[in-house]
Amino acid sequence: MKIISAIILALAVALLPGCSDEPPDPPLLNCDLLLRFFESLDRQDYRAAQEQLAKLRAVGINSTGIDALEDAIRYNILIVDAQKLVDAGDLAGARAMLVDAQSKNAGYQILVIPITELDKVMQLQKGLAALRAPEATPARKLAAVEALEQLLATYPPGEVIRPELDAVRAEIEAAAAAAAAAAAAAEAETPEAP
């Protein structure tokens with residue numbers, strides 16, 4: 001009996017450190033990976049952050065929060081890549097890349113926002129090209145101004161072109177008024193037939 005009591009006492013003493021209320025220290029590898037992950041996010045290096053998340057998953061850290069972070073990182077990578085195309089003047093390429101990503105990933109419905117923005121910017125470019133075309137007649141210019149004004153009603157960032165639209169409209173109205181005055185003057189000079 002004394003032997004059994006001694007064994008139970010020895011086991012209890014051996015298990016006591018495992019019964020503390022304090023959690024064990026996390027492995028240093030995980031801390032280092034987390035630190036590098038957040039540093040990558042701080043630098044806006046989303047590809048490096050994505051690599052750090054993959055390493056965290058490999059060492060067994062999984063959670064819904066990590067899934068959400070991974071989705072946000074993938075989204076940011078797409079936006080950064082699209083912005084590079086926009087900066088290079090390839091709006092259609094940026095739009096195509098985002099549409100392709102959206103079609104391949106059903107969860108990327110958030111891409112509707114930048115795709116819509118690109119559509120509006122492309123419409124602005126098209127309208128301005130029509131407005132500024134050397135061969136554009138006053139009627140075509142007026143139609144372009146009206147189309148652009150409708151677009152501006154739904155796209156406030158486009159308001160930067162408002163002064164140009166106002167100037168073109170004023171120019172067309174002044175030309176029409178001058179033509180009407182010239183026609184009235186010509187009619188006044190024409191002798192009436194008996």
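Q: How many salt bridges does the count come to in this protein?
A: This is a predicted model, in which local features need pLDDT of at least 70 and side-chain atom pairs count only at pLDDT 80 or more, while totals for chains, interfaces and linings use all residues. Residues are numbered from 1 along each chain as its sequence is written, and side-chain values use heavy atoms, with hydrogens and water left out. A salt bridge is taken as a side-chain nitrogen of Lys or Arg within 4 Å of a carboxyl oxygen of Asp or Glu. By this rule, the count of salt bridges comes to 8.

Q: How many helices does the protein have?
A: Helices (H or I, at least four residues) and strands (E, at least two) are DSSP runs, numbered from the N terminus. From that end on, the elements run α-α-α-α-α-α-α-α. The protein has 0 strands, and its number of helices is 8.

Q: What percentage of the residues of the protein count as buried?
A: With a 1.4 Å probe and protein chains only, buried means under 20% relative accessible area, exposed means over 50%, and partly exposed lies in between. Of the 194 residues of the protein, the share that counts as buried is 23%.

Q: Which residue meets Asp81 in a salt bridge?
A: The N to O distance of this pair is 2.6 Å. It links distant parts of the chain, 34 residues apart, with Asp81 in helix H4 (residues 64–87) and its partner in helix H3 (residues 46–58).

Q: At what angle do helix H5 and helix H6 pack?
A: Axes are lines fitted to C-alpha atoms, for helices over the stretch in contact, and angles run from 0 to 180 degrees between N-to-C directions. Angles under 35 degrees count as roughly parallel, over 145 as roughly antiparallel, 65 to 115 as roughly perpendicular and the rest as oblique. The axes of H5 (residues 91–104) and H6 (residues 112–132) lie 10 Å apart, and the angle is about 155°. H5 is therefore roughly antiparallel to H6, given that angle of about 155°.

Q: How many charged residues does the contact of H6 with H8 have?
A: The axes of H6 and H8 come within 12 Å and cross at roughly 30°, so the two helices are roughly parallel to each other. Contact means heavy atoms within 4.5 Å, and here Leu128, Leu131 and Arg132 of H6 meet Glu164, Leu165 and Val168 of H8. Ala, Val, Leu, Ile, Met, Phe, Trp, Tyr, Cys and Pro count as nonpolar, Asp, Glu, Lys and Arg as charged, and the others, Gly among them, as polar. The contact has 4 nonpolar residues and no polar ones, and its number of charged residues is 2.
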